[in-house]
Amino acid sequence: MVFVLLLAALLVGMGQPLQAGINGQLRTHLGDPAWATLVSVVVSSACVGLYLLARRIPPPSPTQAASAPWWLWTGGSLGVAFVAAGVVVTPRLGAGITFSVIVLGQMVASLLLDQYGLLGLPVHHVSPLRLGGVALLVSGVVLVRAF
């Protein structure tokens, strides 16, 4: 089962630079990064909506939705920021450096989330080997940028 999850994560990761490249091209046709971002997010929403309809998943009750803390509603804004950054940054820096730096940022944030068990995640303390992994990522970013 772990192999399937790792494969799914790998495939999704491979899709992110594709998405950024596609959205960057869409930006050239639409004239502004905000329009390309909007189209991407609307298409994403439509895909999830169709999935929910096909699976006949009922919406949450108003009580369930109202019980969520306010900050749980901010996740979508992070998705929009990711798409918008991809639209603007990838055509300028290229997919390699953009996603090298994105992965580095993800690792730094992940270590902080894991160290303190934030957002309900299990605690996984920072260790010298984990920090070594981040150092290797930094080296990777430098190498991708240099060559």
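Mentor: Helix H2 (residues 33–55) and helix H4 (residues 75–93) have axes that come within 9 Å and cross at roughly 135°.

Trainee: Why is H2 called oblique to H4?

Mentor: Angles under 35 degrees count as roughly parallel, over 145 as roughly antiparallel, 65 to 115 as roughly perpendicular and the rest as oblique. The H2 and H4 axes cross at roughly 135°, so H2 is oblique to H4. The crossing is also right-handed.

Trainee: How many helices and strands are in the protein chain?

Mentor: The chain has 6 helices and 0 strands, where helices (H or I, at least four residues) and strands (E, at least two) are DSSP runs numbered from the N terminus.

Mentor: As for sources, this is a predicted model, in which local features need pLDDT of at least 70 and side-chain atom pairs count only at pLDDT 80 or more, while totals for chains, interfaces and linings use all residues. Residues are numbered from 1 along each chain as its sequence is written, and side-chain values use heavy atoms, with hydrogens and water left out.

Trainee: What makes Tyr116 exposed?

Mentor: Tyr116 lies in helix H5 (residues 95–116). Its relative accessible area is 57%; buried means under 20%, exposed over 50%, and partly exposed in between (1.4 Å probe, protein chains only). Tyr116 is therefore exposed.

Trainee: What share of the 147 residues is buried?

Mentor: Buried residues make up 13% of them.

Key:
Axes are lines fitted to C-alpha atoms, for helices over the stretch in contact, and angles run from 0 to 180 degrees between N-to-C directions. A crossing is left-handed if the near helix is turned anticlockwise from the far one by less than a right angle, and right-handed if clockwise.
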